[in-house]
Amino acid sequence: MHEPHREHRLAADQPPASTLFEKIWRQHLIVPGDHSLLAIDRIFLHERTGSIALRGLRERGQPVRNRAQVFCTIDHIVDTRPGRGDDTPVPNGRDFIRQTRAAAHEAGIRLFDVTDPDQGIVHVISPELALALPGLTIVCPDSHTCTQGGIGALAWGIGSTEAEHALATGTLRLKKPQTLRVSFDGALSTAVGAKDLCLLLISRHGAAGGSGKVIEFAGSAVRALEIEARLTLCNMATEFSAVSGLIAPDDRTFEYLCERRFAPRGTLWDMALEQWRRLPSDADAVFDQEIRIDSGDLAPMITWGTSPQHAIRVTDRVPDAEHSGSSREAHARALAYMRVAPGEPMTSLRIDAAFIGSCTNGRIADLRSAARILDGRHVAPGVYALCVPGSSAVKRQAEAEGLDRVFKSAGFEWRDAGCSLCFYAGGEDLGLGKRVVSSTNRNFEGRQGPGTRTHIASPATVAASAVRGHIADARTLAP
Amino acid sequence: MTGRPFETLTALAAPLLRDNIDTDTIIPSREIKSVGKHGLAQGLFAGWRYQGAGREPDPQFILNQVPYAQAQILLAGRNFGCGSSREHAVWALCEYGIRAIVAQSFAPIFFENCVNNGLLAAALPAAALHALADAILAAPQLHPLTLDLQHSELRTPSTGAIPFAIDPDARERLLEGLDAIALTLKNIADIDDFHGRDRRLRPWVYLRQCP
């Protein structure tokens, strides 16, 4: 009975112009303050960090407050070789899986287990199942939670202790972050996409360029992106040291979410849709900072060093210290680790391995883009190549489209869903000193294994490089 | 959830003034061997601290050098703790014996993890940080660092007081060792009110209990 009155009052309280972020923030504000208490709509957990949060809660004798809003998946260290069970090449990996399963059952939360048809990387399955929805607050003890901002949610990574807090109280206490709008304008040419946009941004403004801010990605190039590409763009907000990245929901978003497993139905859908349409930033909303980038002449990007800020065009040469955007010492360290020299053309670097997958680029659109390049071709001799779909649903879809056959005939291993070799957890590795082109998000020293040299790039660039046997410009192989 | 208030600390600081030291570097994933918060000190900075894949200390790494093996404070560059959200990075630092980090800036998730574990993360401008590191490297014994959180300043016998920056709420939580969950549960009536109201305003948010 009081609804209309309340809605009216809330509407009257609205400041004249607000950003998407501010609208979501206000909607979730329970106790305002220097550090406000904010309602959390969804909590995700995985076997690497979530199990510790559940255990911490149990040790306190504290139940999960909103069990129906909490989800858990097994993605990080699960075996991705076919025919898998709980055993994994990661030492003690089975313990993580089994303890997570037991803790999830005990806590009464929904688990997407190893053999569940909806299993997959948390940030891939959440939008896929419409667990992520526009306007929600979503947290997970995983830095790439910001991925889910691509559908218009405020989603961010937290620690295990914060996850305990969110599980116990359904809230988090946080200081309101500043806002940054990054506008990409200019139509993208073929063979470039969201991954190249994020690498360009981070290369220009540094790995700390978005420090502590919430980024809204906007502009004509972003509006034109499909939902999966928007997820890729937001995925790397954390590589920019931002709290999160998000994109205003639009008809494309609503169409993507409609009818998915956990999407609202019937009158609830209509009600949600009406509220979602009011979410986009008002035309005259003011951001704390603005960055504008012309994306019209975007080229495929790739990293040469050991930070995502060490990204250049695939057709460029390894920069000298002066043009590297890093200190002399950091530049020298990166050169030594990567075994590259200033002036060396990126396309002259021979590679040992190619990896396609991860929460950044493990979705069906990513696999299609790589398969277009691989179709009728084969990886170069001596290159170890693997494709790990981001979710079990992505894998099924790819197989229905025959993409698995394209990957396999090209010489790629075709795996089950999971995070796999995006990071080295002590199990499978790519080998000491091996040079890898990878569709993942982090090229840190040792990220994919001790001494492994990682170059991050788009799935198309990974596929082209696998075929050529050296870092390659996908535009030279595009169909 | 700290339970242990941060008191004034006087200790040796090890300068490691690199930018973007990530949590994979602080604790590589391969060093996280069990479900829990312990057994991580050996894996701290494993990729830098040891030679090759074994456990032979690399003499080039500062924490393997006399006197810095005794350091309880780390000095670092910009964006310390970027990358993965793994709280294991903070647990590893604490278990190893590091009690404070003074850096140019911190990645957001890492900073929260520090506060939640009673590890002081204090920010200092680049120039002050470099001057401090130079002084320490020239004569470590003469420059024990005192971190006074009550006054948000650091001191060495030769430099006098230098103010550092820390978020006021984080400072208070560190000083009092407050348990964040217990604190929030004091607001339980507000939380209940909110959810009651929100279920009517946004019923589409709330899912049915899983079977």
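Chain A of this predicted model has 479 residues, and a compact globule of that length would have a radius of gyration near 23 Å; chain A comes out at 22 Å, which agrees. Along the principal axes, its C-alpha atoms fill a box of roughly 70 × 50 × 45 Å. Of the 479 residues in chain A, 61% are buried. As for contacts in chain A between residues at least 6 apart in sequence, 76% join residues at least 24 apart. The secondary structure of chain A is 17 helices and 19 strands.

Now the contact between the chains. Chain A puts in 67 residues and chain B 55. On the chain A side, several elements supply at least two residues each, among them α1 (3-13), α4 (93-107), β8 (171-175) and α11 (266-276). The largest share comes from α6(A), with 7 residues. By type, the chain A side divides into 27 nonpolar, 23 polar and 17 charged residues.

Last, one residue in chain B. Where is D22(B)? It sits in the loop between β2 (13-16) and α1 (23-26) of chain B. Why is D22(B) classed as buried? Because 24 other C-beta atoms lie within 10 Å, and the cut-off for buried is 20 or more. Leaving out residues up to four places away in sequence, D22(B) touches C82(B) and G83(B), and also F444(A) across in chain A. D22(B) and A107(B) are 85 residues apart in sequence, yet 9.0 Å apart in space, C-alpha to C-alpha.

That's it from me.

Terms used: Residues are numbered from 1 along each chain as its sequence is written. Chains are lettered from A and ligands numbered from 1 in the order in which they are written. This is a predicted model: local features need pLDDT of at least 70, side-chain atom pairs count only at pLDDT 80 or more; totals for chains, interfaces and linings use all residues. Helices (H or I, at least four residues) and strands (E, at least two) are DSSP runs, numbered from the N terminus. A residue is buried if 20 or more other C-beta atoms lie within 10 Å of its own, exposed if 12 or fewer, and partly exposed in between; C-beta atoms are placed from the backbone. Two residues are in contact if their C-beta atoms, placed from the backbone, lie within 7 Å. Ala, Val, Leu, Ile, Met, Phe, Trp, Tyr, Cys and Pro count as nonpolar, Asp, Glu, Lys and Arg as charged, and the others, Gly among them, as polar. The radius of gyration is taken over C-alpha atoms; the globule rule is 2.2 Å times the number of residues to the power 0.38.
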